[in-house]
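The following exercises ask the reader to work through one structure step by step. Each task is followed by its solution.

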Amino acid sequence: MAGIEFFKKEDQAWFLDPKEGFSKKSISLEIRRDDLTGHRSRILPYRRKYPEIVISPEMLEASKKVCPFCVDQILLSTPKLLPKIAPEGRIRRGRACLFPNAFPYARYNWVIVLGEEHFLYPDQFSVEMLRDGFSVAQEGIQRIVKSQPDFQYSSINWNYLPSSGAGLFHPHIQILVEDVPTASHKEVLDGILRYRNEGIPSFWESFLSEEIKRGERYIGRQGDVHFLTAFSPRGIFGEVLILFSNRSTIDEVRTEDWADFSQGLTKVFQYLKNHILSFNLSLFSGNRDGSRSWVYGRLCPRMIIPPWLTSDINYFEKLHGEVMCVISPEELCRDIKPFFAGSHQA
Ligand SMILES: [Zn+2]
């Protein structure tokens, strides 16, 4: 039986350093490959610059004036669901409100506004607010799958702040439900199937137990939801990988799992608030040809790089498909772990 490989290769670059009288200097770099998907990244801590955390009050005020998700606009400005799916038009849970995306990128692409506040810092999201948002997202997915059983590939997605791609400041998440997996989801499912054919029947289970044993990237757990840092990250500031153990589809996720997931997220947010505010988050659900995945999630912090407002995505990621990451996954794990103190460490 083949094991799970954690491939990394160290390399060096040399130059004559103008800061030290043009003496010969070497810089170490590290190339990593995710065994499941083949995703490659480079760990380059010497490129790290923390962004200035500034949310301009003027910009917030201006965006609030035209915000369709604010409480005085949401009923007038947001679309309603078709009556055969939701006679009530919009689905509510707690303070969360679900409705179709007015600018859809798929047949089933809906939006969930998390609450009345136009803007919240990451550490201002309560567990209840997040739990209700994810629960109503799940209900939306369930309603679609019930009427369209072939549409079994679903995801719950979040761009937080314009610097991560969000069109609005007002906190909102989105669901996407389709009959085929998206490209990165397919890579994961293909990988799981490959492992299965090589004698590893449940990739995520074997992977999780290996990561817990290694301990370098395992952050902690809340109930059945595990938080790790990804070995070969997909973002400039690393990637938090989330595994819902033994939940193979979003349909199987229980209310207490959403509470646990939200609790863990608030801990990651506590870490983020002092470093990087913006992030992308996606939770993936669906199985293919008996691939037997678990529900998994990826959270990548996003940043504008000082001092010239440089994008964190350049040709290397956009065109070569590889990520330059400025923090080692092991360091990111050590930094987030204290916020999980008190919860189970597996
Ligand atoms: Zn608003």
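## Exercise 1: The strands around β10

Task: Determine how β10 pairs with strand β11 (residues 240-244).

Solution. Strand β10 pairs with β11 in the antiparallel sense, over 5 bridges. Strands are DSSP runs of E of at least two residues, helices are runs of H or I of at least four, and both are numbered from the N terminus. Two strands pair if DSSP finds at least two bridges between them. The model is a predicted one, in which local features need pLDDT of at least 70, side-chain atom pairs count only at pLDDT 80 or more, and totals for chains, interfaces and linings use all residues. Residues are numbered from 1 along each chain as its sequence is written.

Next, consider single bridges. Leu228 has Leu241 as its bridge partner in β11, and Leu228 of β10 is also the bridge partner of Tyr218.

Then turn to β9. Strands β9 and β10 pair in the antiparallel sense over 4 bridges, and Arg221 has His226 in β10 as its bridge partner. The two strands form a hairpin with 2 residues between them, and Gly223 in the turn has a positive phi of about 55°.

## Exercise 2: Burial of the hairpin

Task: State how many residues of β10 are buried, and which way they point.

Solution. A residue is buried if 20 or more other C-beta atoms lie within 10 Å of its own, exposed if 12 or fewer, and partly exposed in between; the C-beta atoms are placed from the backbone. In β10, 5 of its 5 residues are buried. Val225, Phe227 and Thr229 point one way, while His226 and Leu228 point the other way. For β9, 5 of the 5 residues are buried, so β9 is largely enclosed by the rest of the structure.

## Exercise 3: The face of α8

Task: Identify the buried residues of helix α8 (residues 329-336) and what they pack against.

Solution. The buried residues of α8 are Pro329, Leu332, Cys333 and Ile336. Seen down the axis of α8, they fall within an arc of 100° (that of the directions from the helix axis to the C-beta atoms), so they line one face of the helix. In general, an α-helix has 3.6 residues a turn, so residues three or four places apart point the same way.

The buried residues of α8 pack against β9 (218-222), β10 (225-229) and α6 (255-272). Ile336 is also touched by Val268, as are Val240 and Leu299, not counting residues up to four places away in sequence; contact requires C-beta atoms, placed from the backbone, within 7 Å.

Notes:
Contact = placed C-beta atoms within 7 Å.
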